[in-house]
Amino acid sequence: MNSGTGSSAGQEPVTGEDGGVGVPLWEVFVRPRRGLSHAHVGSLHAPDAATALRHARDVYTRRQEGVSIWVVPAAQITASSPEEKDAFFDPAADKAYRHPTFYPVPDGVPHL
Amino acid sequence: MSAAFETVLALGDDALIAAQRLAEWCSRAPDVEEDIALANLALDQLGTARLLLSYAGELEGAGRDEDALAFLRDDHEFRNALLVELPNHHPEPPSPRSGDFAITMAKLLFLAAYQRDRYRQLAAGPDRDLAAIAAKAAKESAYHLDYATLWTLRLGDGTQESHARMQRAVDEIWPYTYELFDDNDLRPGWLAAVEPVLAEATLTRPPEGGWQPRGGRAGRHTEHLSRLLAEMQVVHRAHLGARW
């Protein structure tokens, strides 16, 4: 048990992007209800995963926003960069045939 | 006054005073996440206190509502255990007067373990109104216990400094836990809940026996309650009957 230092095996403290306070940043994902996906709701600082989860509960689900929470070390997220924006996203702009607009959505499946 | 009124009043006063103490951390916690967490815990306690004091007023049948019981009683009329009125810092330096997190966590750990079991017991009791309040509160106490456990482990099994301060907090608060069990038989179960946490946190559990301060349930309080009430009640008393 090494809960005090937050550096037990497999869970090294994440450095960088810590606001200069030495406490790692975590991204929080909340699933609003069954049937929906987890969605990013914000971020917070916490020394380890267990604390991050409890903080997320207190900061982001106080008004019954969710039934499930994920917390992810911000440093573990690989993001597309703004310079790559054109190459990544523009080619999809003129390919309307990729949009499944040619059949009706059945009743009672609002989140399809 | 009926025994039922006394019982509900004691529970309500525990929750109310614990809420006020926790709320003292608001805007002063080590970081914003902890600030919100502590405020949430305080609001849990306050919500339970409102339900219990309203119900106590009904049981008393003297026309006193939750506000009259919370804001218009003097210190000797409160029935909370001494533990909840103790300040958020250790009496001796170097514990900061603005609040010692280890003290707050020791108080929360011991109180939450007691409140959870007490509420669960009452939730299965014959008084259906009280059982409904207790069933709701027991879930909140279970979370408070989880939260306090996490921090007790972190501080106790942390650095040399955090271990020393957490141990000092446990030693300081422990004597005040005896009073919680004067009107129930829950101490063995409470010990079974608290002891493993202290052991895992590498903290020494104080021996049973020794100094056991009491008096809160009979209205004999420390000076800390008087100061707390002065701050909590001043606005209500200065503007009697005022409404938002």
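How does the radius of gyration of chain B, with 244 residues, stand against that of a compact globule? Chain B has 17 Å, which agrees with the value near 18 Å that a compact globule would have. The radius is taken over C-alpha atoms, and the globule rule is 2.2 Å times the number of residues to the power 0.38.

This is a predicted model, in which local features need pLDDT of at least 70, side-chain atom pairs count only at pLDDT 80 or more, and totals for chains, interfaces and linings use all residues. Residues are numbered from 1 along each chain as its sequence is written, while chains are lettered from A and ligands numbered from 1 in the order in which they are written.

**Chain B overall**

- Chain B has nine helices and zero strands. Helices (H or I, at least four residues) and strands (E, at least two) are DSSP runs, numbered from the N terminus.
- Along the sequence, the pattern of chain B reads α-α-α-α-α-α-α-α-α.
- Its C-alpha atoms fill a box of roughly 55 × 40 × 35 Å along the principal axes.
- Of the 244 residues of chain B, 43% are buried. Buried here means 20 or more other C-beta atoms within 10 Å of the residue's own; exposed means 12 or fewer, and partly exposed lies in between, with C-beta atoms placed from the backbone.
- Among contacts in chain B with a separation of 6 or more, 76% join residues 24 or more positions apart. Two residues are in contact if their C-beta atoms, placed from the backbone, lie within 7 Å.

**Helix pair H5 and H8 of chain B**

- The axes of H5(B) (residues 101-123) and H8(B) (residues 187-200) come within 10 Å and cross at roughly 145°. Axes are lines fitted to C-alpha atoms, for helices over the stretch in contact; angles run from 0 to 180 degrees between N-to-C directions.
- H5(B) supplies Leu109(B), Phe110(B), Ala113(B), Tyr114(B) and Asp117(B) to the contact. H8(B) supplies Gly189(B), Trp190(B), Ala193(B), Val194(B) and Val197(B).
- By class, this contact has eight nonpolar, one polar and one charged residues. Ala, Val, Leu, Ile, Met, Phe, Trp, Tyr, Cys and Pro count as nonpolar, Asp, Glu, Lys and Arg as charged, and the others, Gly among them, as polar.

**Ala39 of chain B**

- Ala39(B) sits in helix H2 (residues 32-60) of chain B.
- Ala39(B) is partly exposed because 18 other C-beta atoms lie within 10 Å.
- Beyond its neighbours within four places in sequence, Ala39(B) contacts Ala23(B) and Cys26(B).
- His221(B) is 182 residues away along the chain, and its C-alpha atom is 25 Å from that of Ala39(B).

**The sheet of chain A**

- Chain A has an open sheet of three strands in the order S2-S1-S3, with antiparallel pairing. Two strands pair if DSSP finds at least two bridges between them.
- S2 (39-45) and S3 (68-73) of chain A are at the edges with a single partner strand each, so one side of each has no neighbour in the sheet.
- From one strand to the next, the twist averages 30°.
- S1(A) (residues 25-31) and S3(A) pair over six bridges. Arg31(A) has Ser68(A) as its bridge partner in S3(A).
- Helix H1 (residues 49-60) of chain A lies across S1, S2 and S3, at about 130° to S3(A).

**Where chain A meets chain B**

- 14 residues of chain A contact 14 residues of chain B.
- S2 and H1 of chain A are the elements giving two or more residues to chain A's side. H1(A) gives the most, with six residues.
- Chain A's side divides into five nonpolar, six polar and three charged residues.
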